[in-house]
Protein chains: 2
Amino acid sequence: MRAGPSQEDIRRHNLGTLLRYVHVHGATSRAELTNRLGLNRSTIGALTAELTTAGLVSEAAPRETGRAGRPSLVVRPESSTVYAYALSIEVDRIRAARVGLGGRILDRRETDRPRGMQVLDAVEPLVEFVRELRREVPEDARYVGTGVAVAGMVRRADGMVRLAPTIGWTEEPVGAALRDELGDGLLTVGNHADVSALVEHARGAAVGSDNVIYLYGDVGVGAGIIADGRRVSGHGGYGGEVGHMVVNPYGRECSCGSRGCWETEIGEYALLKHAGRVDETGREAVLGVVDAAMRGDSQAQFAVRQVGEWIGFGVGNLVNIFNPEAVIFGGTLRDVYLVAAAQIRSRLNAIALPACREHIRLRTPELGYDAALIGAAELAFEHLLEDPLLLS
Amino acid sequence: MRAGPSQEDIRRHNLGTLLRYVHVHGATSRAELTNRLGLNRSTIGALTAELTTAGLVSEAAPRETGRAGRPSLVVRPESSTVYAYALSIEVDRIRAARVGLGGRILDRRETDRPRGMQVLDAVEPLVEFVRELRREVPEDARYVGTGVAVAGMVRRADGMVRLAPTIGWTEEPVGAALRDELGDGLLTVGNHADVSALVEHARGAAVGSDNVIYLYGDVGVGAGIIADGRRVSGHGGYGGEVGHMVVNPYGRECSCGSRGCWETEIGEYALLKHAGRVDETGREAVLGVVDAAMRGDSQAQFAVRQVGEWIGFGVGNLVNIFNPEAVIFGGTLRDVYLVAAAQIRSRLNAIALPACREHIRLRTPELGYDAALIGAAELAFEHLLEDPLLLS
């Protein structure tokens, strides 16, 4: 319950607001900025000048508009020179990218992650990727920081991975290991579903929706939840573990030690088991079942129906709890959703109260697998957007 | 994404911040306000003078402190003259109160609500209560507005009760009916568990915790959820319907039309049924079972165990989803919690992930049944706290 800000606070806040606007929306005319930010023209001009001096945006005349009068200058984020590194550790892949201000992926590397791969073995190729990416950086470019997305429960304070059952890690100091190896303290670690949710909210399928559940499924299931425009992170940053909502008290044992967790009914293993393909794993195997179901294979259709029922069931519960406007199905849940949408909707309707679901939209991600990388980069850009003069 | 505020915005913001501080914390010295609000002494003096002129606070010398030097003046909310009406429609009671700024109940009325009572029959005694309360209001007192808490799903915009299965109402325009009968447009309707949660967070068992789940049980179960210090209300204001989270896919039919909802396992009916007392209803009946369990009655103990298991189960799910610091058990869940705490905790520990539950505290409400009335009044005070010069 702090009192109001000082003049200097307001100036920095306005600088951050303007920079965030062009970071999220891309090139924007001064006229539109004046309109959107509720500031007068001279203030917008002064802020833009300051951000230009700091090397964060550039201004140029727009292309020929065909209208009379002097056209409004267009302000762009300096995507090619201001950048962050984004790393992502997923069940089957590890990826790295250099991401420019504005969320543009400038360069990328990735490789398979064999299941069971330990932390040090994952850190090594990531560090190598960053070294490779560094060699390609133009001389005048400016580094903001590194963000890491991990498919697990991450302690906000230091990037300790507390539990990541699907990648098999418990209490692993991923943040510290990467900081040491990269010799870089500007490194923040977050949860894969959380950062993906933020990006779909800012730039993707949930633009304009302030209450959003982004579900990400592979072996496990996690959620990034946005309530009233802000991420539901919980006390230690561990909120959103919807995969461990118990939906079937008489269900199978889960990797977390409990029984009947949602992910035991809708994760990769359940789908492959129902489809009679217990020897297969991974996204390709899931796509195989989905394709077979579309081609009319009855056991694959059975598997998709079973999983679809339980997806609708759990989403119905979450809708009663959150009353969201949008639910986004990411990861392999996207593929299952595309063939089981009617069934998911029907089960959801049976469980969710009419008032809680009346305005709901079910969606697939717009940014696909890039969401995690762009979202990881956001962890690094966030410091700059909070205070654009940080680097100056 | 609006830009920073103007000087006038800041002044009003500071007035609201100061008024909110003494509204929540009661009498506070100027020295402490200076410290808490991060403003200098002269600004605090000017703001206090303005609020005093507006009749919202008063200042006085503190009682003898025994210390040397001039003591700091103490600022108090004008509880006896600035007031709101608070109405509460619950399963078994309807209540009304006059509540002074600072959350002090100045006068109150209540009566039983027979189950099955329809909206018009509930509105009538409430209106009569308000008329009685009005007759006792001192001449110089100032009315701020009326807040209503209803044990059901309330549309934020107009106070339409969309669904209140436990009181038997569907699509009832409670807000409009009360506004008409009272001839008063300053009337806001909210959900009972939501307003109780806000009050326990501001003044009760969850002070200092920013991630809180307040559960309220009687026939049904609702929650007021606070994430990162703010209420999770959802798109239409219907969030928190945790009583309709399905926990038992093979369970009993619920009043909402679904099956196996949490409230079918932990609500009043489940407890009384397990205890072999299907002919009884209401809080007294629940207390009867709890007392019998404490005295060693084996069937009552069985009932409490059964319900305790399912309470722990559902709380475990919510802890995985929200990673809260505190869970508060209100209504009859409080009474069951007091005899089944160990069991609830044990089941919760089995279901909730260690990182999600590691700092959790289980609590009973501090404000008891008054929370709903004080919380309803907050709905009315909120407008004043947003802009203290509203009435001037």
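Author: Two residues are in contact if their C-beta atoms, placed from the backbone, lie within 7 Å. By that rule, Val278(B) touches Leu272(B) and Lys273(B), not counting residues up to four places away in sequence. This is a predicted model: local features need pLDDT of at least 70, side-chain atom pairs count only at pLDDT 80 or more, and totals for chains, interfaces and linings use all residues. Residues are numbered from 1 along each chain as its sequence is written, while chains are lettered from A and ligands numbered from 1 in the order in which they are written.

Reader: Where does Val278(B) lie?

Author: Val278(B) is in the loop between helix 8 and helix 9 of chain B. Helices (H or I, at least four residues) and strands (E, at least two) are DSSP runs, numbered from the N terminus.

Reader: Why does Val278(B) count as exposed?

Author: Count the C-beta neighbours. Val278(B) has 10 neighbours inside 10 Å, so it counts as exposed.

Reader: Which residues of helix 9 of chain B are buried?

Author: Val286(B), Val289(B), Val290(B) and Ala293(B) are buried.

Reader: How do you know where the buried residues fall around the axis of helix 9 of chain B?

Author: Look down the axis. The arc is taken from the directions from the helix axis to the C-beta atoms. The buried residues of helix 9 of chain B fall within 95°, so they line one face. They pack against helix 8 (268-274), helix 10 and helix 11 of chain B. The face turned away from them carries the exposed residues Glu284(B) and Leu287(B).

Reader: What makes the length of helix 9 of chain B agree with its number of residues?

Author: The expected span is 1.5 Å times one less than the number of residues. Helix 9 (residues 282-294) of chain B has 13 residues, so it should span 18 Å; its end C-alpha atoms are 19 Å apart, which agrees. Gly296(B) follows this helix, with a positive phi near 105°.

Reader: How do you know that strand 5 and strand 6 of chain B pair?

Author: Two strands pair if DSSP finds at least two bridges between them. Strand 5 (residues 93-100) and strand 6 (residues 104-112) of chain B have eight, in the antiparallel sense. Val99(B) has Ile105(B), in strand 6 of chain B, as its bridge partner. The hairpin has three residues between these strands, and Gly102(B) takes a positive phi near 100° there.

Reader: What is the order of the five strands in the open sheet of chain A?

Author: The order is 6-5-4-7-11, with mixed pairing.

Reader: Why do strand 6 and strand 11 of chain A stand at the edges?

Author: Strand 6 (104-112) and strand 11 (187-191) of chain A each have a single partner strand, so one side of each lacks a neighbour in the sheet. For strand 11 of chain A and strand 7 (residues 142-150) of chain A, the pairing is parallel, over five bridges. Thr146(A) stands opposite Leu187(A) in strand 11 of chain A.

Reader: How many residues of chain B are in contact with chain A?

Author: 51 residues of chain B are in contact with 51 residues of chain A. Helix 1 of chain B gives the largest share of the side of chain B that touches chain A, six residues.

Terms used
A residue is buried if 20 or more other C-beta atoms lie within 10 Å of its own, exposed if 12 or fewer, and partly exposed in between; C-beta atoms are placed from the backbone.
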